[in-house]
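Thank you all for coming; I would like to walk you through one structure this morning. Please have a look at it on the screen before I go on.

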Amino acid sequence: MSDAKDKKATIYFAGNDLFVGLTPSGHAQPIETDSARNSAATPMELLLIALGSCTGIDVISILKKKRQKVTDYRIEVSGERRDDFPRSYTRFDVKHIMADHALSEQAVARAIELSEQKYCSVAATLRGAAEIVTSYEILEARESI
């Protein structure tokens, strides 16, 4: 198990309702708290990105191992939130959209399942707090995604 000290994020108040998060690996991320100004991602938006990117990384890795070539890929993640405070997410919808000439639908379905059930740490963290509903669509390579 890794030392917790190695995994510390630091969030700095930058003034004017803005924060800057510094990741454990040293990357800066602006964070917005004024949704009307909308100058950076909010913490809840970053959670959507974290879930989508975590599963996407897994899916691509698994498909590469299965010798599947993905030419275009995007993950659309939306969330439903409680009306009352805390306005936590109660459901996430994760849609994988891919394009290629010869993608195996079975391989895509299995890669997504493995990510969701075994490998995606973000999904594993969120699973007890919110429902995660996953779907996928495979487009012909000539279709633009």
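Predicted model: local features only at pLDDT ≥ 70, side-chain atom pairs only at ≥ 80, totals over all residues.

Strand β1, residues 10-15, and strand β2, residues 18-22, pair in the antiparallel sense over 5 bridges, where strands are DSSP runs of E with at least two residues, numbered from the N terminus, and pairing asks for at least two DSSP bridges between them. Within this pairing, Ile11 has Gly21 of β2 as its bridge partner. The two strands, β1 and β2, form a hairpin with 2 residues between them, and in that turn Asn16 has a positive phi of about 55°.

Residues are numbered from 1 along each chain as its sequence is written, and side-chain values use heavy atoms, with hydrogens and water left out.

Turning to the whole protein, there are 3 helices and 6 strands, a helix being a DSSP run of H or I with at least four residues, and along the sequence they follow the pattern β-β-β-α-β-β-α-α-β. The C-alpha atoms fill a box of roughly 50 × 35 × 30 Å, taken along the principal axes.

How much of the protein is buried? Of its 145 residues, 28% are buried, meaning under 20% relative accessible area with a 1.4 Å probe, protein chains only. As for contacts, that is, heavy atoms within 4.5 Å, 51% of those between residues at least 6 apart in sequence join residues at least 24 apart.

Note on methods
Buried < 20%, exposed > 50% of the residue type's maximum accessible area, 1.4 Å probe, protein only.
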